[in-house]
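Here are some exercises to work through with the model open in your viewer. Try each task yourself before reading the solution.

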Amino acid sequence: METAPKPGRDVPPKKNRLQAKKKKPRRYWEEETTLTAAGAFPGPSGNKKRNRELRHQRPKNTNFPKKSRISRKPQLPKKSRELRNPEPQRSLSGAQDPFPGPAPVPVEVAQKFCRIDKSKELPHSKSKTRRRLEVAEAEEQETSTKAALSQLLLVEEPGFLEGEDGEDTAKIRQADIVEAVDIASAAKHFDLNLRQFGPYRLNYSRTGRHLAFGGRRGHVATLDWVTKRLMCEINVMEAVRDIRFLHSEALLAVAQNRWLHIYDNQGIELHCIRRCDRVTRLEFLPFHFLLVTASETGFLTYLDVSVGKIVAALNARAGRLDVMTENPYNAVIHLGHSNGTVSLWSPAMKEPLAKILCHRGGVRAVAVDSTGTYMATSGLDHQLKIFDLRGTFQPLNARTLPQGAGHLAFSQRGLLAAGMGDVVNIWAGQGKASPPSMEQPYLTHRLSGHVHGLHFCPFEDVLGVGHTGGITSMLVPGAAEPNFDGLESNPYRSQKQRQEWEVKALLEKIPAELICLDPRALAEVDVISLEQEKKERIERLGYDPEAKAPFQPKPKQKGRSSTASLVKRKRKVMDEEHRDKVRQSLEQQAQKQEKKAEPTRARPSALDRFLR
């Protein structure tokens, strides 16, 4: 009888399936310690039972967070000592990060974006209110830090035209600038010869991508001036006095000889507003959706374009109004008058907010910078003055011009352009929020006709000039803000993005009643009104309800201190106090009536019937 051979002698033993598998190759950045530190085993063990026991075994005295279906805050396990002091992270190649952690933020840069004054201490209020204030302060600090970090992405920097030693930049011509710049910037300088329909008024859209201009003889056109693509061109067969884009480039307001007309970007007339007649100047407030018109009859009209209603029609009582501009900081309208004064208007007031005596003669032009700090005026006395609008309204600088400036315009970076006849002079300052230096002009350019309109293009170093010979686009280095906010004014937005932005802007529209000189005053508490309201309440009730501390009932035992019972006891005490106050007031009134009813004379008189 043959027996089966034993596995240890002639027949080789069968290999284990786990051992028969090929070993997974270890990468050069992996180490054996990483597996052991994570709690995993480097390889399979022959004892399956032992592995199964270790897999199902749990350490003792381990606190696991309880899972709940609804939890306000996520419950996280406590960090171990190894995670509290982590080692510097290594990359895939095994090298250490030379700059671990988040990028440092300078305190000065973060303070620039902070809108909370940390020098003031938090008020001693209730714990819940104080906790909310602390959370709001922490969120504001985090937001300012993120804004400071995102500032690194704003790689564009404003630059100015710098001449050689002793060279005057005002002598540099536009042809020299065009030759020195790149092809894309050189294409932004052009001249439109339109002598048969001039003189022209022009306006750029808020994104700086579209240009609209209208001639005195009825020529109206809009175009994408970057690509030179014409959007629409019409002749209204009537004198055009001013032209303005509304909240987007899809709507256009034209002040014609008789009435105010609204057109779309295809040149189709949408509205004819006959209540705004004989309009001379137009301004648009983008955050309030208000179209402001100044007329020959002396009326200042505010038209809400979102609902199509006139918000206010104010009589300036100063004759013909043909000098008007807006303050971008607080949306206040500045009007120049023939008696040398500039008046500041708001739709909430029927009288001017302030009046500034600027010139000995009539005011010819007014302009306000983008920060709302400085105002430039020119008059018939050939004076060009810079005023401080921060409550003082005092002149900071003045210059006498050989020929008075008929048109003024401020750029986003604080450059001031003045049109004097057929010459345009530009003055520069130290930068944004600084007054321009009037000693020497920054640039000078002579046109082929007299200037009738000036407007700096947003986000582009371009100055648009409308004159009797047509339209001229000048290159002015350092005039515009190089970095734009894509959520506010995006020059490259699509039609869908424009529609979404328009809906959000309508939802965030500011009421016209909030326009005032100092917009920061809206966030302050009117202490005088609170005191007056408190006095009126005391007179109405007959006593001061806040003079005595409110009644706090003591808790009782045996379940008699429920919330309902405490509220009933408080109400009962308040009713009793109110009854006592009313009873005292009635007694005082009765005593006063008795004193009045006492006869003052011994003998009755016929006039006693009137004593009541």
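How many aromatic pairs does the count come to? Before the solution, some ground rules: this is a predicted model, where local features need pLDDT of at least 70, side-chain atom pairs count only at pLDDT 80 or more, and totals for chains, interfaces and linings use all residues. Residues are numbered from 1 along each chain as its sequence is written, and side-chain values use heavy atoms, with hydrogens and water left out.

**Exercise 1: the ring pairs**

Task: find the aromatic pairs and work out what two of them connect.

Solution. 
- Step 1, the rule. Rings of Phe, Tyr and Trp (its six-membered ring) pair if their centres lie within 6.5 Å; planes under 30 degrees apart count as stacked, over 60 as edge-to-face and the rest as tilted. The count comes to 5 aromatic pairs.
- Step 2, one pair up close. Tyr 204 and Trp 225 are edge-to-face, at 6.0 Å centre to centre with 75° between the planes. Tyr 204 is in strand β2 and Trp 225 in the loop between β4 and β5 (229–235), so this pair ties together parts that are 21 residues apart in sequence. Helices (H or I, at least four residues) and strands (E, at least two) are DSSP runs, numbered from the N terminus.
- Step 3, accessibility. Buried means under 20% relative accessible area, exposed over 50%, and partly exposed in between (1.4 Å probe, protein chains only). Tyr 204 comes out at 4%, so it is buried, and Trp 225 is buried too, at 0%.
- Step 4, another pair. Phe 459 and Phe 484 are edge-to-face, with 5.9 Å between centres and 65° between the planes. Phe 459 lies in the loop between β26 and β27 and Phe 484 in the loop between β28 and α9 (495–507), so parts 25 residues apart in sequence get tied together. Phe 459 is buried at 19%, while Phe 484 is partly exposed at 32%.
- Step 5, the cluster. Ring pairs link Phe 459, Phe 484 and Tyr 492.

**Exercise 2: charges over rings**

Task: which rings have the charged end of Arg 206 or Arg 493 sitting over them?

Solution. 
- Step 1, the rule. A charge sits over a ring if NZ of Lys or CZ of Arg is within 6 Å of the ring centre and within 35 degrees of the ring normal.
- Arg 206 places its charged end over Phe 287, 5.3 Å from the ring centre. For Arg 493 the ring belongs to Trp 501, and the distance is 5.0 Å.

**Exercise 3: the nonpolar core**

Task: say which residues touch the most other members of the largest nonpolar core, then look at the surroundings of Val 476 and Leu 454.

Solution. 
- Step 1, the rule. A nonpolar core is a set of buried Ala, Val, Leu, Ile, Met, Phe, Trp, Tyr and Cys residues joined through side-chain atoms within 4.5 Å.
- The largest core has 33 residues, and Phe 213, Val 424, Ile 426, Leu 463 and Val 476 touch the most other members. Among the elements giving it two or more residues are β2 (200–204), β3 (210–215) and β24 (423–427).
- Step 3, Val 476. Contact means heavy atoms within 4.5 Å. Beyond four places in sequence, the contacts of Val 476 include Leu 415, Ile 426 and Leu 463.
- Step 4, the other core. A second, separate core has 29 residues, including Leu 314 and Ile 356.
- Step 5, Leu 454. This residue is in strand β26 and is buried at 13%. Its C-alpha is 8.3 Å from that of Asn 203, 251 residues apart along the chain. Beyond four places in sequence, Leu 454 contacts residues including Leu 202, Val 424 and Val 465.
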